[in-house]
Amino acid sequence: MTVLPVSVLDRANSRTGESEFRALRRVIARAQHAERLGFHRFWVAEHHGVPGIVGSAPTVLMASVAARTTSIRVGSGGVMLPAHQPIVVAEQAATLEALHPGRIDLGLGRSLGFTAAVRAALRQDADAAERFPDDLSELLGYLRGEAAVSARPQNRAATPVYLLATGRGLDRAAQAGLGVVLGGPSLFSRADRDEHPGIARYRREFRPSPFAERPFVMVAANIAVADSRQEARELLLPEAWALVASRSTGEFPPLQSAQQVRELKRTDRQDRRLGDHLETGIAGSPAEVRAELEALIEFTGADELLATGGMFDVEAQARSDELLIAALSD
């Protein structure tokens, strides 16, 4: 296996019985641990009005992480552009780049608020997501220094930009000359294909830009490593249940322990959804995870791996990070 850069996305999950202050401090502590282990990047996310996630302001959290680390790249996975004015996102990214040169990444998404109330609070109308191509073009113009308004600090395309992409997003990234971050079921629905068709198309149609000279694919997956597959699947269970619960109630709750999840009364439909979520994760012993990642890399031709997935057990999550790096370093 060719050793690839390995990175972490931390969504800043909250846990039952834990203060939000503590949850945010844990994100910074995990970033410091990831830096010591040799992870390439540490990314944070953006979620608004979600009880189980305190990561609502990615650029603010990026600033805290970057200030408390020294070498690991820090980025967003991602800033949701429909929630912001493009010039504000450009200025925030450029400010972070000026403060921490060569260490900042800007990952962008097009998702809207999770509920109607959140979308209203963000002033998002029905066409907000459809404006994404124009907003993206405007944002890139500010970062290149080619817009009618000169964004300050000047960035001169120094900050790499990535799209959290599915479907049309892959085509948009190819046309704009941006790297892509791809996760989800398409990575595991291989149907005897030798390569991921969307990624293959992205590479064929890629146009070099000041942000990227060549195609770059970061593959994202929920990954848990423990002494056995059963132990590792237990680590993924709390967040998988939170996702299922959000489909049932419209609210993503704080993570509960695996034992609490097992003791819950669930419907057959919830059990099926829970199984589906667990099947799209990669969980096992170091050797098992390495084998699954080898197959994933062969299918996607990934340039980098992005380990996602929030765990209730903080110590087990730290050990999972350690085992993952060790498994891929041989």
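Guide: Contact here means heavy atoms within 4.5 Å. This is a predicted model, where local features need pLDDT of at least 70 and side-chain atom pairs count only at pLDDT 80 or more, while totals for chains, interfaces and linings use all residues. Residues are numbered from 1 along each chain as its sequence is written, and side-chain values use heavy atoms, leaving out hydrogens and water.

Visitor: Which residues does Ser320 touch, not counting those up to four places away in sequence?

Guide: They are Ile223, Ala224, Val225 and Met311. Ser320 itself sits in helix H12 (residues 314–327); helices are DSSP runs of H or I with at least four residues, numbered from the N terminus.

Visitor: Why does Ser320 count as buried?

Guide: Buried means under 20% relative accessible area, with a 1.4 Å probe and protein chains only. Ser320 has 2% relative accessibility, so Ser320 counts as buried.

Visitor: What makes a set of residues a nonpolar core?

Guide: The members are buried Ala, Val, Leu, Ile, Met, Phe, Trp, Tyr and Cys residues joined through side-chain atoms within 4.5 Å. The largest such core has 68 residues, and Phe42, Leu106, Leu108, Ile223, Leu293 and Leu324 touch the most other members. Helix H5 gives the most to this core, with 6 residues. A second, separate core of 17 residues includes Trp241, Ala245, Leu278 and Ala316.

Visitor: Which residues is Ile223 in contact with, leaving aside neighbours within four places in sequence?

Guide: Among them are Leu236, Ile282, Val289, Leu293, Met311, Ser320 and Leu324.

Visitor: Why are H3 and H5 called oblique to each other?

Guide: Axes are lines fitted to C-alpha atoms, for helices over the stretch in contact, and angles run from 0 to 180 degrees between N-to-C directions. Under 35 degrees counts as roughly parallel, over 145 as roughly antiparallel, 65 to 115 as roughly perpendicular, and the rest as oblique. The axes of H3 (residues 86–99) and H5 (residues 132–144) come within 8 Å and cross at roughly 40°, so H3 and H5 are oblique to each other. Pro86, Ile87, Val89 and Ala90 of H3 make the contact with Asp135, Glu138, Leu139, Tyr142 and Leu143 of H5.

Visitor: And why are H6 and H7 called roughly parallel to each other?

Guide: Helix H6 (residues 168–176) and helix H7 (residues 197–205) pack at an angle of about 20°, with their axes 8 Å apart. H6 and H7 are therefore roughly parallel to each other. Their contact involves Leu170, Asp171, Ala173 and Ala174 of H6, and Gly198, Ile199, Arg201, Tyr202 and Glu205 of H7.

Conventions: Helix = DSSP H or I, 4+ residues; strand = E, 2+ residues; numbered from the N terminus. Buried < 20%, exposed > 50% of the residue type's maximum accessible area, 1.4 Å probe, protein only.
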